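Visitor: Hi, I'm new to this one. Could you walk me through it?

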Amino acid sequence: MTPRNEHERSRNSLWRETPRVVVSEGTIKTCDFLTADEVDAIAVGVGAPVLGDDELQPRAGTVHASARYRINLAELAERNHFTAAPGTVHVIDLPVTHPGSGAVLPWQGLPLRIILMGVGRGTDEELRTAGAALATATRGLKRVVTTVAARSDDRGTRHFVEGYLLGAYQPWNMKNKEERPPAQELVLLGPNSQAAVDDAQRHARLTWFTRDLAIIPANIKTPRWVATQFTKVAEQHGLLVRTWTEKELVAQGFGGTYAVGKGSSQKPVFVQVSYTPAQPSKDSKHVVVVGKGITFDTGGISIKRPRESMITMKIDMTGAASAFAAVVGAAQSKVKHRVSALIPLAENHFGAESTRPADVISVFGGTTVEIANTDAEGRVVMADALAYGALELKADLLVDVATLTGAAAMTLGHSHAALISNDEQWAQAFESAALETGEYVWKMPLVREYDNALKSDVADIRNIPQESAGAGPIVAALFLERFTHGVPWVHLDIAGPAHRDKAHHEVNKGPTGFGARIITHVLENL
């Protein structure tokens, strides 16, 4: 099987390039390469009717295309009941003349496919949605030209391109049959910023990486394998990596990670990835991002029920992939602050050496934990990482990201992550980043009254309440906060948005890569 282009050649690599997006300052009127030989399709934007007016709002590109093709595209759209709602697409395949007829059509020599793109009123979210729809509509093509973002500012260009690249994602797979790849090149006509395009490509690539890593099956994706992939990609970006093996975890007090992973034949590993800026700012901070890295979760001896719930458990390391991707993003953006990712990697299995319900373990820093339920393992491995970040790395800000509680998914569904923090300023920073990236969050309170639910008769703390207190995401966060040792902290429970059963605009079916972009955006704006 011979790859047809650079995008396909990179598909077997875990860190791969997104499709090419370039900027051209011309218009449809003046573009000299707008020929059928060089361009497969042109895409132009149509806005939704404004209040009090039933007519569609053709954008500048639509007007120019109508003039060059000598077709009233807006009227044609109306006739076909095109609503111009964000994400809607109407494809026009123009006819050619019969050979030998001698007839010359107005569009002779021009691309024969015109794509009308609904952009609504052109908000950030609507432009992301339009971009994703264009990616879907142009799969299998080579070169596509669009004017959809031409009247937007840099912000609009970034959202449109980011939506396009996220929608163009082609999942990692082991199929023998090739699938239609995304268009090889997207050309943006008009006054678009290459810097905005570069930002969008960088953020989309981080999400692609996170999605790819989450989708890989657990028989390949062992803790050691993931640690090796992190090391390879980190070295490509000039990052420092330190790993702890099973014996080192025991020797240095990482009892949570060891306890969760010891029941599997694939032994646990702990990874630290560090970025240090060449020219730090005067008020340089050290941000430590903790990512839950359970490469497969059976629930341990407290085995998951029903069995169907185990099928998606290969994605239980999405937090680890997002945390790692955020450090890479910080390095690529040349953030002026130190950033480290702490990633406990383990497979939560059952076996002769598995941790039992009612066992008591000691995590990093010496806090003892009663394991009341082995299926509440994520918080246990993260306790090691949070305590290490606070006590050893002297973090100024701790961020954790995890597919932590089914309760968060039940409460918020697949569109929002639960956001919980002990610092209002940092919580607001993440809420703002959510609006910028489309990785939405819903802030939940830290209810101190529920602290008592985690009291243990035999240890410093239990990993789940003795009696159900409800408020699962909040109680889990209260457990984690115990290991932050007073450091400002933001917790993202991404159990809901980390996976979707159906594609939704720029969010794909399956592992979504949620978390990489919102954390990176916060780091870039410190």
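Predicted model: local features only at pLDDT ≥ 70, side-chain atom pairs only at ≥ 80, totals over all residues.

Visitor: Okay, how many helices and strands does the chain have?
Guide: The chain has 15 helices and 21 strands.

Visitor: And what does the C-alpha trace span along its principal axes?
Guide: About 90 × 55 × 50 Å. The radius of gyration is 25 Å, which agrees with the value near 24 Å that a compact globule of 526 residues would have.

Visitor: What share of the residues is buried?
Guide: Buried residues make up 58% of the 526.

Visitor: What about contacts along the sequence?
Guide: Take the contacts between residues at least 6 apart in sequence: 78% of them join residues at least 24 apart.

Visitor: Let's do helices. At what angle do α4 and α5 pack?
Guide: Helix α4 (residues 124–137) and helix α5 (residues 154–167) pack at about 40°, with axes 6 Å apart. Their crossing is right-handed.

Visitor: Which residues meet there?
Guide: On the α4 side they include Leu 127, Gly 131 and Ala 135, and on the α5 side they include Gly 156, Phe 160 and Gly 163. By class, that contact has 7 nonpolar, 5 polar and 3 charged residues.

Visitor: What about α11 and α14, how do they pack?
Guide: α11 (residues 378–391) and α14 (residues 472–481) pack at an angle of about 35°, and their axes are 9 Å apart. α11 passes α14 in a right-handed crossing.

Visitor: And who touches whom in that pair?
Guide: Arg 379, Val 380, Met 382, Ala 383 and Leu 386 of α11 meet Ala 476, Phe 479 and Leu 480 of α14. That makes 7 nonpolar residues, no polar ones and 1 charged.

Visitor: Switching to α15: why is it largely enclosed by the rest of the structure?
Guide: Because 8 of the 9 residues in α15 (residues 516–524) are buried. Among them are Arg 517, Ile 518, His 521 and Leu 523.

Visitor: Last one, Pro 191. Is it buried or exposed?
Guide: Pro 191 counts as exposed, because its relative accessibility is 62% and the cut-off for exposed is over 50%.

Visitor: Where is Pro 191 found?
Guide: In the loop between β7 (185–189) and α6 (194–215). The C-alpha atom of Pro 191 is separated by 9.5 Å from that of Thr 147, which is 44 residues away along the chain.

Methods: Residues numbered from 1 in each chain as written. Heavy atoms only, no water. Axes fitted to C-alpha atoms, helices over the stretch in contact; angles between N-to-C directions. Helix = DSSP H or I, 4+ residues; strand = E, 2+ residues; numbered from the N terminus. Left-handed = near helix turned anticlockwise from the far one by under 90°. Contact = heavy atoms within 4.5 Å. Nonpolar A, V, L, I, M, F, W, Y, C, P; charged D, E, K, R; others polar. Rg over C-alpha atoms; globule rule 2.2 N^0.38 Å. Buried < 20%, exposed > 50% of the residue type's maximum accessible area, 1.4 Å probe, protein only.
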